[in-house]
Amino acid sequence: MTDGSDPAIQVIGLTKIYDKIKAVDQISFEVQRGEIFGLLGPNGAGKTTTINLLTGLARPSSGSINIFGRNYNADMRTGQHLMGIVPSENNLYEELDGFENLCFCASLYGMPRVEREKRARELLELVGLDTVGKKKFIAYSRGMQRRLTIAAGIIHNPPILFLDEPTTGIDVASARQIRQMIRQMNEQNGTTVFLTTHYIEEAERLCERIAFIVAGRIVKIDSVESLVQDVQGQHIMQFSFDGAYPKACEELQSGFQHVTCEAVSANTVRVISGERIDIVPFIRYFESKGIEVTEARKIQPSLEDVFVRVTGLAAEEMKKEREGKSK
Amino acid sequence: MKTWIAFWSIFYKDIKTYYLKPPNISWGIIFPFAWGLMFFIRSGSALDIRSIVPGVVAVSILFGTTSLLAVTITFEKRRKTFDRLLLAPISFELLMLAKTSGAVLFGVLNAFVPIGVGAVLAGLSGTAWLPLVLGVVFIAISSTFLGLFIAVSVAEVFEAQTFSNFFRFPMLFLCGLFFPIERLPVFLQPLSYILPLTYGADILHGTVTHNHRLPLWLDFIVLLVFCVTLFLLSLRNVRRKWIL
């Protein structure tokens, strides 16, 4: 039995093992109705596997998935009408134009011709593609393809929308438009949104709650506000050097015991402390080592800092990964 | 009702985007026409032509269906457009029937090219048309499901083509298309009876030349068993390999 108070998605002890490797390891979380929930993590962390498990493209090794209070472990297909799915790749038909693609996707959900054509026209307008609706999908730019793929995901007005890396590899304007669309759907239709992303800023801007996933395990889950509060009392100084200084952290850690140090890149480090940081001793220290400091600046703690602290992964590493992925 | 909208939509899209493309139309006409003409020219008389029609019809259906299915299924899986279908709220059975119906229709239409050529050159009076048409449909379905089984067993289009040939070329001489199975070496003859086209060819020979080895009802039943088995095996493979 289900009632209106059941969460939109409830995952309990979900595990997926591929060839003895745990791609997803005992994850549990709930996504409330009307919430925008983000799953944030590096490549290979298990984000796409989690979406595949939730949508029926993969079978769980163990654990359970409830959608609006109903268990779909036995056959996820019976719950697929409740979901809109936007995969990380734009998997529409190259040979069809934008309008035909949307009509085709609508027909998969059993929409009659008149209704699906009306809905396709509405969505083409919503995603700003109404003037190019008769162009073949293959002729669209990557941003346009992404917008059409999202439109295809919401063609049947699903109560839950799954978005896998919605803005990866597209231009800033399209990414912004997509974020606006997601917000709009959530506010106007009460659509529950589950999204995975590499972009920390995107998760911070869009999501109400975020789960950090690393190596198949959820290491932290909380509201964006609470996550940022965790690091709000911290003071962070970022030093950049003229050239690589790989041992910077190691040396600073032993020279300044009241601070912690994180390497951002080969020539940039962050010094973190619960108290105000006086930069003079640090500058003198670097001078004594013959290291030229090109920039020293105060950093406002952000979700990125929470991510780095919780996952132990440098933000730069994430950036490299997403750049690699968008190529 | 709603699921049938999905069915017709998939069927119509495949017809439009694959089967009605000029290369496929030309393949569907030129290939059976060339096969037909090649054998008919070699035949000395109208009687010879009549005896060749069943073989050419069977080959046309077999090659037409299996070649296209390798593309429509394997290619879509490769481009991940097939995932969109797997995520649609329709049953696997209906989905795979929708994906294969276009190939069945293509195979049936392929068959009527050599039948037409045969009718013009030799006249096909005395042909049992109803069982012939039913036979053509059964061969088209079994060949399509063989193509489906191959397509869902491999990952790449070229693998599908290679794997198809592994079945198709032996069938050319093992299934009694152009000469009776009895003329094959004894040790090869049992192989003939595990290939669906043997039964399809027997129906065609029976209806066109009235020369068949098994009762037609038995041929139909065996073909039906092949169809159901290949379809269920394909569904099992999709569930095991594509829903990881």
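Start at one pair of residues: in strand β7 of chain A, A:Leu163 is the bridge partner of A:Val86. Strands here are DSSP runs of E, at least two residues long, and helices are runs of H or I of at least four, numbered from the N terminus.

A word on the model. This is a predicted model, where local features need pLDDT of at least 70, side-chain atom pairs count only at pLDDT 80 or more, and totals for chains, interfaces and linings use all residues. Residues are numbered from 1 along each chain as its sequence is written, while chains are lettered from A and ligands numbered from 1 in the order in which they are written.

Back to that strand pair. β6(A) covers residues 83-86 and β7(A) covers residues 160-164. Four bridges join them, and they run parallel. Two strands pair if DSSP finds at least two bridges between them.

Which way do the residues of β6(A) point? A:Met83 and A:Ile85 point one way, A:Gly84 and A:Val86 the other. In a regular strand the side chains alternate between the two faces of the sheet. All four of these residues are buried. Buried means 20 or more other C-beta atoms within 10 Å of the residue's own; 12 or fewer is exposed, and in between is partly exposed, with C-beta atoms placed from the backbone.

Now the whole sheet. It is open, with six strands in the order β6-β7-β8-β3-β9-β10 of chain A, and the pairing is mixed. β6 and β10 of chain A stand at the edges, each with a single partner strand, so one side of each has no neighbour in the sheet. Neighbouring strands are turned by 15 degrees against each other on average, direction ignored. Angles run from 0 to 180 degrees between N-to-C directions, and axes are lines fitted to C-alpha atoms, for helices over the stretch in contact.

Further in, β3(A) and β8(A) run parallel, joined by five bridges. There, A:Ile36 stands opposite A:Val193.

Next, the helices on this sheet. Helix α1 of chain A, residues 47-55, lies across β3, β6, β7, β8 and β9 of chain A, at about 150 degrees to β7(A). Helix α10 of chain A, residues 303-311, touches β3, β9 and β10 of chain A. Its direction makes about 35 degrees with that of β9(A).

Two loop residues deserve a stop. Most residues other than glycine have a negative phi. A:Lys20, in the loop between β1 and β2 of chain A, has phi near 70 degrees. A:Lys20 is exposed because 5 other C-beta atoms lie within 10 Å. A:Ala215, in the loop between β9 and β10 of chain A, has phi near 50 degrees. A:Ala215 is partly exposed, with 15 other C-beta atoms within 10 Å.

On to chain B. How many residues of chain A are in contact with chain B? 22, and they meet 19 residues of chain B. In contact means C-beta atoms, placed from the backbone, within 7 Å. Helix α2 of chain A gives the largest share of chain A's side, three residues.

Inside chain B, the axes of helices α6(B) and α7(B) come within 9 Å and cross at roughly 135 degrees. The two helices are therefore oblique. Under 35 degrees is roughly parallel, over 145 roughly antiparallel, 65 to 115 roughly perpendicular, and the rest oblique.

Last stop: B:Leu95, in helix α5 of chain B. B:Leu95 counts as buried because it has 22 C-beta neighbours inside 10 Å.

Note on methods
Contact = placed C-beta atoms within 7 Å.
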